[in-house]
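Please look over the structure below.

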Amino acid sequence: MGDLLIYALVVLLATASGSSTGLGGGVVIKPLFDIVSNAPTATINFYSSLAVFVMAIVALGKQLRQRFKFDVKSLLTISVGSVIGGFIGQRLLRLTVTVMPAAHVKVLQSAMLFIMLVSVLIYNFVKKRLVSFHLKNILVILIVGIGLGTFSVFLGIGGGPINVALTMLLFSFSLREAAVYSVGIIFFSQLTKMVTIAVSPVKPTISLIVAAVVVVAAVTGGFLGTWINRHASCKVLNQIYNILLCALVGVTLFNTFHYAGII
């Protein structure tokens, strides 16, 4: 019962913050589940993807009901790229798991995630000094989507932080707008992953009770996070975003050293 409560709280915090700031949730769930759970990498990735997928459905549905205006062409193009990248990322993860010990896979994922989070954090502090773009080239947008989908599914995080940073840079979005587009991209990439898992002959070992807890917490977090995104000021959203990124950098660095046997 204690473990289920911890899972529920982690998913609730992750999906509420993820849907409000565009972090997605997986980037919070993955490193924290790595700490509190001894489950295999494939199992943790599944729970993380399930939570993020459910959160994305709830958050997108609520944003659409509240008449958020999407640039449909750009969203669909980058999302198609994310779907393609999602298949690539899932195949890369399955290949990596077969050729490396599970502990080494966790070290690799944690180290890559740490580098990505530090890069996004640095970008968020210097973005006002950088030139932003209004990207319209469909081919370039598609390639960006493929890269995002591959990276996010391989790490099992949903890709939120890098989605937000790139959409702000490439499309000149505010954090509020970037958060909604990030959730849209996450929906398509994680849909790919869930379909891939469903049709794969090799399934991760999962607990239906844990999965049910994850779904309920993700639904609740999706509603709460969308409300925060619609009602909080951009300044508050940026503060939440930066605080979460700093905390995640610390957690991910700890995980990297822990799995490497240093601490």
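## Helix H7

H7 is largely enclosed by the rest of the structure, because 9 of its 12 residues are buried. This is a predicted model. Buried here means under 20% relative accessible area. The buried residues of H7 are Gly160, Pro161, Asn163, Val164, Ala165, Thr167, Met168, Leu170 and Phe171.

The length of H7 also agrees with expectation. The helix runs over residues 160-171, and at 1.5 Å a residue it should span 16 Å. Its end C-alpha atoms are 16 Å apart. Ser172 follows H7 and has a positive phi, near 60 degrees.

## The largest pocket

The largest pocket has a volume of about 400 Å³. Its lining counts 18 residues. Ala42, Gln90, Arg94, Val97 and Val202 lie nearest the centre.

H4 gives the most, with 5 residues. By class, the lining of the largest pocket has 10 nonpolar, 5 polar and 3 charged residues.

## The second largest pocket

The second largest pocket holds about 190 Å³ of space. Its lining is made up of Asn124, Phe125, Val126, Lys127, Lys128, Arg129, Asn238 and Asn242.

H5 gives the most, with 3 residues. The lining of the second largest pocket divides into 2 nonpolar, 3 polar and 3 charged residues.

Definitions and conventions: Residues numbered from 1 in each chain as written. Predicted model: local features only at pLDDT ≥ 70, side-chain atom pairs only at ≥ 80, totals over all residues. Heavy atoms only, no water. Helix = DSSP H or I, 4+ residues; strand = E, 2+ residues; numbered from the N terminus. Expected span 1.5 Å × (residues − 1). Buried < 20%, exposed > 50% of the residue type's maximum accessible area, 1.4 Å probe, protein only. 1 Å grid on protein atoms, 1.4 Å probe; cavity = no way out; pocket = protein on both sides within 12 Å on 5 of 7 lines; lining within 4 Å. Points joined across faces, edges and corners; volume = space filled by probe spheres on them. Nonpolar A, V, L, I, M, F, W, Y, C, P; charged D, E, K, R; others polar.
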